[in-house]
Amino acid sequence: MPQTAMPPNAAERFAFALTRRRTLAALAAVTAATAVSCSEAAPATSASPAPVRSVNPLGAEPFTPVTGDNDTVLMQVLAHPDDDLYFMNPDTQHLLRAGARVVCVYVTAGEAKGVNRAPGTPLPEPDKAAYSASRHQGLRQAYAEMLGMDRFTRWQRAVADLPGGVRAETNRLAAGGREVQLVFLNVAMLSDNKVRLPHLWDIPGVVANTLVADGSPQREVYRYRHETLVDVLAALMDRFRPTVIHTLDPDPDFQVHDAAHPRDNDQPDCSDHRDHTPVALFTWKAISQWVADATGRDGRAPRFTTTAFRGYYNQRWPHNLPPAVVGRKARLLEAYGGAPGWACGNAAGCGDYSQGGGGPLRNRKGWVRSTHYRYPGALPAPTTDRQGRLVAYGVLGTHAVRWRETAPRSGRFGAPRNLGGGPLAPTLCAVRDTTGRQLLFALRFSGLAGQGRDNTRDIVVLEERTPDGPFGAWQSLGTPHDDPEDGRRVGAPVAVATPDGRVHLFVRTADKGLATRVRTATGHWGEWLPLGGGEIQDGLTVLLDREQLVHVFAAGRETVHHWAQSHIDGGPQPQPPTGLPVPGERPGAVLTTDGTIALVYRSPAGAQPYLYTLDPLTGPASAPLRHFDGYGPVAALPVPVPGSADTVLLAGKSVDGEVLLRYGTDVGTRPLRSPGRLVPVGDPAVLPGGAGRLCVVGMSPGATPWIWRPAPTSRA
């Protein structure tokens, strides 16, 4: 259908999005189309719907124990060979280096049209089986290099028996106490009956077939129904017992495709590949099934955390990785891409040739230059109780949990308490209202049925009945959208409590705007309201100024967008353009001692962050933060340092993915590195601890949180 530019006004954008979704729904009905979220023509099918397993996602307490590094397992579920290298790295490489065993499950054969063309060579004849095998070889080359081995090292290749009578090729390589396993389900991207993965997710009764790759020890063709793929993924999770699961984006952004925004590899109307979305949805459904089955069998919920990654979103927003990190990603993609002349020992080919020879760095789409979390935010969300103990809230096994320090300043968390609510996205927001009661906010997968049934999301909240007392029941706050397809696109919730007793909740919306919902001092929730302003990325930053007025900041395409209250009874309104440089990630924000708001972030492709002060009279001023090279967002906190004028603490990740801290903004200040060079899952959280002390809390690859209380010093 023809595309038009997005209207600038937020209310118009809301109406535009709703009208657009209704138009697409009408077109889908006319053409008998199906969609995971966007338009995809469906094959004809006369098969009766297959029975759908009833999945109860509720877990149990306690969780399966994790006893040490040997239990650390990262499982990645991909649509195609190279999805991990483009969209999940550098996290994959960092977790492998930190000691995690890596298991990669590739759902499709990745055969596309079967053309494996090296740059500057004639177009070869299509050969889907050979192209699939050559891409598998490329993965073996890339992961061998990731393990520090020769790229042509021989792997152990075998065949695994899986539920539903299907089998899959497995590859294993170990070195220096580290290990990588590759599992190739090899479901055809386009089956003989014209079925694609979006159809397998959404249409009852359709069947997809597998493709046998050249030279594979697995020589049979198998048939996958919807429930077969769910069962297979759940069984693999149960077999490998991951402590971290990487998924693709189940709910990609809507995307206008026109002359200024070419469609390229996108699915219709969305910024991602048509296979990425159903694979992510199948993964989340399988996760819920695994939790239910393992809990019923073992009496314990499996202990793991999940990270979802954006895909072709990388093309549509400013890049967020510095050259050092991009270079490492590109080197692994170079090994994956290979070349026809390589002596890899695989007759079908030595990689995905279009990705070799520096192609990813030259590609205008820029996928290699970013890595974006679908649900940004600190992991876990820390606070303190009235006894001074550190409390952290996170998501384990798809459910909210609470860890409490065993004693004030003990530095150790007790066992997690299961708070339920799942299946939840991995990022929580925790705030304490003026009565001292804790509120938890989360994004819930309220429907994951597929097969033409419910596929919905909602924002949920859990409130304590009394300060540090028991929690009540989870309450749904819905989303800012009436259309469930729009509701799937909402972002991770953030909230702030104000001294008047209100709690202000914010989310990014389907049209890339900002919406709010407010709880009054009496506990009544108002309606969702759009707030206007420009298009923003997910990852919101909220703080109160010295007048206790609410400010919200978010990264846009050209600058940082800002919303603020003008008085305590009003909602935040869009502010004039900040005039700040383009951010590569969500900005950190801090209130300085003179009452000025300061923001800290890196520019696109920048390793060094800058501190920007927002003076309403003189305009923004900037200061480089040297010796703090890294990537990702930078958190900022006001933490007084005894004997020093420095009052700002900065926390982030180094280019190696390790936790990095810095007290103060003086030119000579150098960062602190954590004991043992901690590599967190996602982004760590920080909070002040009093007397110049602070607490850093993060999630380990073993799905257990850690505490670091560094001494107040500005020198390494």
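**Reading a helix crossing, a disulfide and a hairpin**

User: Does α6 pass α7 in a left-handed or right-handed crossing?

Analyst: A crossing is left-handed if the near helix is turned anticlockwise from the far one by less than a right angle, and right-handed if clockwise; α6 passes α7 in a right-handed crossing. Helices (H or I, at least four residues) and strands (E, at least two) are DSSP runs, numbered from the N terminus. This is a predicted model, where local features need pLDDT of at least 70 and side-chain atom pairs pLDDT 80 or more, while totals for chains, interfaces and linings use all residues. Residues are numbered from 1 along each chain, and side-chain values use heavy atoms, without hydrogens or water.

User: At what angle do the axes of α6 and α7 cross?

Analyst: The axes of α6 (residues 226–240) and α7 (residues 276–298) cross at roughly 60° and come within 8 Å.

User: Which residues of α6 meet α7?

Analyst: With contact meaning heavy atoms within 4.5 Å, those in α6 include Leu229, Leu233 and Met237, and their side of α7 includes Phe282, Ile287 and Trp290. The contact residues divide into 10 nonpolar, three polar and four charged.

User: Which cysteines does a disulfide join?

Analyst: A disulfide is a pair of cysteine sulfur atoms within 2.5 Å; here Cys344 is joined to Cys350, S to S 2.0 Å. The angle about that S-S bond is -80°, a left-handed link.

User: How many bridges join β26 to β27?

Analyst: Pairing takes at least two DSSP bridges; four join β26 (residues 588–591) to antiparallel β27 (residues 597–601). Gly588 stands opposite Val600, and Gly595 in the hairpin takes a positive phi near 90°.

Notes: Axes are lines fitted to C-alpha atoms, for helices over the stretch in contact, and angles run from 0 to 180 degrees between N-to-C directions. Ala, Val, Leu, Ile, Met, Phe, Trp, Tyr, Cys and Pro count as nonpolar, Asp, Glu, Lys and Arg as charged, and the others, Gly among them, as polar.
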